[in-house]
Amino acid sequence: MHGAMSSSGPRFRFAPSPTGMFHVGGARSALHNWALARQMGGAFVLRIEDTDEARNNPEWTQGIIDALAWIGISADDEHFEGPHFQSANADAHVAAAQRLFEAGVAYYCDLSGQEVQDRAKELGITGYDGYSRDRGLDPAPGRVLRFRVPDGTTIVHDEVRGEVTFDNSTIEDFVLLRGNGTPVFLLANVVDDIEMSITNVVRGEEHLPNTPKQQMLWQALGHEPPQWAHIPVLVNEQRKKLSKRRDKVALEQYRDDGIVADAMVNYLMTLGWTMPGGEEAGSEIFPWSEMEAAFSLSAVSLSPAFFDVKKLVAFNKQYIKNMTVADFVEAVDADLPPDWDRARFTEIAPHIMERLERLGDAPGVVDFLFLGDGVDPEIDADAWAKAVKPEWATTLLGEITEAYDALGADEWTHETLKATMETLMVAHEIKLGKAQALPRVAVTGRSVGPPLFEALEVLGQAETVRRLRVGMTRAARSAATD
RNA sequence: GCCCCCAUCGUCUAGCGGCCUAGGACUCCACCCUUUCAAGGUGGCAGCACGGGUUCGAAUCCCGUUGGGGGUGCCA
């Protein structure tokens, strides 16, 4: 699973914490790293940040790998490296902290969180005031190790935002090691990046405020900081950062909802970035290979983007429509009841592909073909009432039924079925659109569905005629009650 | 409160001083086509937050205001 480390190109990383479902924002970030690593012949390093919280991760880790694979980030690809686990590197984190302490750039403090707050309130400031900076405390249980933030300013060079300057006086002496001796994210993250020779950190904007701190750590540890890049966050309709509590953010959920992976990937890439050439093409739909080659951080927008499910679905429709029948049938297989005849489904598949918003909608539009012979579909009352209303409707239904019944087996094709109906309808001076209404409801139970004649061809002559006859009976009953 | 970031149609965006009476995509509406529904075609509604500068000329540069977002943990 560990990819080749032979490449000398840039090393990107994706470092999710295994806290559950895979966030769509994380997916976009992963895609950016993936595109860059591949186009530059570098590495995409997957590191699972499993410190604390979720300790037993095999399940979640596999979930992350599966989710990545779904959007095309394959662990088998030569550019893929990992997964590495942050927890396996705990000793190095502590050792780095130790070095920082010995070098005098970090010091111990015995104030509890509460005490820090109380002092701040008393002093009228916010955060930690550097109380223990010069107290020369030794390590001891309960004492935290803090970084001694130097005077001056820290300039972060960001590939999407340019230069961002922070006045160090606004950065408090932050914690490196907790009272129980364990490292915090800020430290562990930097130490791991250094150990894994990461050269490019591309992550969400929410990390921008952490960056000066991490940059100082890189330097204090004797390394040149990586090339930073902070991409804008994804927000909901309230313009708030997508949150697991309020919003539907799990990639897996969209997958289960019938969103095609390529559509998700394509849509995610349009958020904050525009594929060159899209305007001329009049479309934003592009194959991954082209987006991967064209993606550039300097072209990424600076503002948060709303994750619009409507547009995602529009993309999904496009992708479903453009699938091959074989791929489509394979993709919806899991959504189909096991007893449905796959061969029959394959016959009708081309006719429903351009009508679906989501893969999961497929069964619901063709279920009338899989009822089994002799089983009547459930007739929608409103649809039926509307279809029988015209005075010619019942008469025409009868004529069609007899004509279809009289057809030879080799004549049971959608062309003949259509031509037969057209011949009969002229006497009533109506168009095909109206003529097919009642037969459609009689056979399928609904007023909308796949093209009628194609569906009837698949259904077969015997069952079609049988249902039409049932329809005749029903029509007679409708007339009686009127 | 403090720090940082951001600001073009409802949404995602193109635009990087004159090509902009601001272009595309999604949504919505109308019409055409049509075997229902879709798809497709054509057209339409809709935007440079505001105020000052700079300039012959500003959506584009500068300043301010307002608005939004992110961060302010011994979470990651």
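How many residues does helix α1 have, and how far does α1 reach from its first C-alpha to its last? The legends below take this up first and then visit other spots.

The model is predicted: local features need pLDDT of at least 70, side-chain atom pairs count only at pLDDT 80 or more, and totals for chains, interfaces and linings use all residues. Residues are numbered from 1 along each chain as its sequence is written, chains are lettered from A and ligands numbered from 1 in the order in which they are written, and side-chain values use heavy atoms, with hydrogens and water left out.

**View 1. Helix α1 and the glycine that follows.** Helix α1 (residues 24-39) has 16 residues and reaches 22 Å from its first C-alpha to its last, close to the expected 22 Å. The expected span is 1.5 Å times one less than the number of residues. Helices here are DSSP runs (H or I, at least four residues), as are strands (E, at least two), numbered from the N terminus. Since 14 of its 16 residues are buried, α1 is largely enclosed by the rest of the structure. Buried means under 20% relative accessible area, exposed over 50%, and partly exposed in between (1.4 Å probe, protein chains only). Just after α1, G41 takes a positive phi of about 65°.

**View 2. Helices α15 and α19 side by side.** Helix α15 (residues 381-388) packs against helix α19 (residues 437-444) at an angle of about 150°, their axes 8 Å apart. That angle makes α15 roughly antiparallel to α19. Axes are lines fitted to C-alpha atoms, for helices over the stretch in contact, and angles run from 0 to 180 degrees between N-to-C directions; under 35 degrees counts as roughly parallel, over 145 as roughly antiparallel, 65 to 115 as roughly perpendicular and the rest as oblique. From α15, look for A383, W384, A387 and V388, which meet A437, L438, V441 and A442 of α19. Contact means heavy atoms within 4.5 Å.

View 3. Q461 lies in helix α21 (residues 461-481), and its contacts include Y404, D405 and W412, leaving aside residues up to four places away in sequence. Q461 and E411 are 50 residues apart in sequence, yet 9.7 Å apart in space, C-alpha to C-alpha. E457 sits in helix α20 (residues 452-459) and is partly exposed at 29% relative accessibility. Residues up to four places away in sequence not counted, E457 touches W412, T413, H414 and L417.

**View 4. A buried asparagine.** N266 belongs to helix α8 (residues 261-270). With a relative accessible area of 0%, N266 is buried. Its neighbours, not counting residues up to four places away in sequence, are E284, I285, F286, M291, F315 and Y319.

**View 5. Backbone spots worth a look.** Most residues other than glycine have a negative phi, and most peptide bonds are trans. The peptide bond from G82 to P83 is cis, with omega near 10°, and P83 is in strand β3 (residues 80-85). S197, not a glycine, has a positive phi of about 55°; S197 sits in the loop between α5 (185-195) and β9 (200-204) and is partly exposed at 43% relative accessibility. E429 also has a positive phi, near 55°, and lies in the loop between α17 (414-425) and α18 (432-435). E429 is exposed, with a relative accessible area of 74%.
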